Amino acid sequence: MDSITLSSLSLFAATPEQIFESRRRTYAEWSGGLSLEEYLARDEFTDKQEVACEGRLITWVLAPRSNPTSLDFLCSCETFRRDGLVCSKANAKPKRVKAISPREWGAPPHRVAHAGDGLFSALWSDVGAEFYRRCGPTKDSDGWITRAPFSTIWDVKQESSSIDTSGWTLLDETGVMKLWEDDAENISRTLSPADNFQVSFSYLPHKGVAAFQHWRTTDILNKRGYAPIHHWGIIRDSNTFATWTFDIQSSAKTLLITRLKSSPENMKTLLAILMSVARKHGMERIEVYNLPDHLQSSAAHLGGLTVERDDHLPSFKWYGEEHSSEIAWLMNERFCWC
C-alpha cells in the first residue's frame, strides 16, 4: 500500500452521501444497542432540531485533497456549534491565538461557513483522558483537557414517602424550553470568574442544547414500550429547579439530571420529587454531573455517592492565549453533553 502524506489530506464539510457513510461506520461504536435503522432515524431526527439547524451541526471528513467527496475518506467527526460565555478577572477580553498549521500538514483547510473563531470547544471522551489531550495542533501543545469527570449517584428507593410539593411545578416540553431560555439569560447576567482562575467559560442551555438530551431519547423510549414522557423538569423558582432525561441503555436504567440548581435546604424535597419521577418510569438510579460544592454535604446526607467517572469525560480545548490551567469550566453539567 502506498504511504499517505498528511499534506495530501484535508478536512472537508461532508456531503450528504459522506454524512450517511459516516453514520453507517460509527453505528457499531455509537449505537448503544439500537438497530442500524433506529440509529440512522435518530440522527435524521436530530438533523431537524434547533440544536443542528443553521449550520450548528457539521459532519467533517478527512479526505484526499484530490478527491474531497470520496466515500473512501479516512475518518470523520461531528461538531455542534453552541453559544457560550467567557469572563475574565482582569476584565480583559480573551483573544484567540492565531492558528499555525505544521508545515507537514500542507495548506490549511478552506474556511467553512458557521465554523471557526470559537474561543473554546469541548468533547466527552470515552477513551480516557490521555487520547484527546495528545491531539493538539503540534506535538508540544495540548489538545482537550479533562476537567471534573464526577457524578453523584443515588439508588432509587422503591418505597415512597409523602412529599409536600406545594409551590413546585412539573414542566412539560413547553415548560422546560422556557426554563432554558430564562436560565440562559440568568447565566448571562450573573456569570462571574471562578476563584483561583484567570478566565471562566460556560455553555448556555438554550437554542436546543439542553433539549438535545431528551429529544434523542424520546423515540427510543416509545419504541421500547415505556409510558409516554410528559414531564422533563421540575421548578420551584428561578434558583430551584432540575431538568432530566433517561438513559435506558446503561447497565442500570438511569434518570440523568441535565441541569440542577438548588439550595441545600431545598435538596431533600427536590430529590424526593426526582425519586418519584424515577420510580414512575422504572429507573434504578439518579445521576447528576458535577454537583456544586455547596450541595455536596446535603447530597451525601441524602444517600448520594460521588464518584469519578471513567467514561463521558468532559474535556475542553482553549484557543486563547491563556494556559488551560488558568481556565475554569462553569456549569460543567450534563445539559451540554453531546
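Helix α1 is followed by Gly32, whose phi is positive, near 60°. The structure is a predicted model, in which local features need pLDDT of at least 70, side-chain atom pairs count only at pLDDT 80 or more, and totals for chains, interfaces and linings use all residues. Residues are numbered from 1 along each chain as its sequence is written, and side-chain values use heavy atoms, with hydrogens and water left out. Helices (H or I, at least four residues) and strands (E, at least two) are DSSP runs, numbered from the N terminus.

Helix α1 itself covers residues 16-30, and its end C-alpha atoms are 20 Å apart, which agrees with the 21 Å that its 15 residues should span at 1.5 Å a residue. The expected span is taken as 1.5 Å times one less than the number of residues. Along the way, α1 bends by about 25° at Arg24, the bend being the angle between axes fitted to the seven residues ending at a position and the seven starting there. Gln18, Glu21, Ser22, Arg23 and Thr26 of α1 are buried, where buried means under 20% relative accessible area, exposed over 50%, and partly exposed in between (1.4 Å probe, protein chains only). An α-helix has 3.6 residues a turn, so residues three or four places apart point the same way. The packing partners of the buried α1 residues are β1 (9-13), α2 (36-47), β2 (57-64) and β3 (75-80).

Thr59 is buried because its relative accessible area is 6%. Not counting residues up to four places away in sequence, Thr59 touches Phe12, Ala13, Ala14, Ile19, Ser22, Cys77 and Glu78; contact here means heavy atoms within 4.5 Å.

Beyond its neighbours within four places in sequence, Phe246 is in contact with Thr217, Leu221, Ile229, Trp232, Thr254, Leu255, Val277, His281 and Met283.

Helix α6 has 17 residues and reaches 25 Å from its first C-alpha to its last, close to the 24 Å expected at 1.5 Å a residue. Its buried residues are Asn266, Met267, Leu270, Leu271, Ile273, Leu274, Met275, Val277 and Ala278. These buried residues pack against β7, β10 (233-237), β11 (240-247), β12, β13 (285-289) and α7 (293-301). Just after α6, Gly282 takes a positive phi of about 75°.

Most residues other than glycine have a negative phi, and most peptide bonds are trans. Asp117, in the loop between β4 (84-88) and β5 (120-125), has a positive phi near 75°, and at 56% relative accessibility Asp117 counts as exposed. Ala148, in the loop between β6 (145-146) and β7, has a positive phi near 55°; with a relative accessible area of 26%, Ala148 is partly exposed.

Another loop, between β7 (150-155) and β8 (169-171), is the place of Gly167. Gly167 counts as exposed, at 53% relative accessibility. Although Gly167 and Asp237 are 70 residues apart in sequence, they are 8.6 Å apart in space, C-alpha to C-alpha. Aside from neighbours within four places in sequence, Gly167 is in contact with Ile235 and Arg236.

On a 1 Å grid over the protein atoms alone, a cavity is a set of points where a 1.4 Å probe fits but cannot get out, and a pocket is an open set with protein on both sides within 12 Å along at least five of seven lines; lining residues have an atom within 4 Å of a point. Grid points are joined across faces, edges and corners, and a volume is the space filled by probe spheres set on the points. The second largest pocket contains about 760 Å³ of space. Its lining comprises 24 residues, with Pro292, Trp329, Leu330, Met331 and Asn332 the closest to its centre. At least two lining residues of this pocket come from each of α4 (173-190), β12 (254-261) and β16 (327-329). A search of the whole structure finds two cavities of 30 Å³ or more, and the largest cavity has about 40 Å³ of space. Among the residues lining the largest cavity are Glu50, Met177, Trp180, Glu181 and His206.
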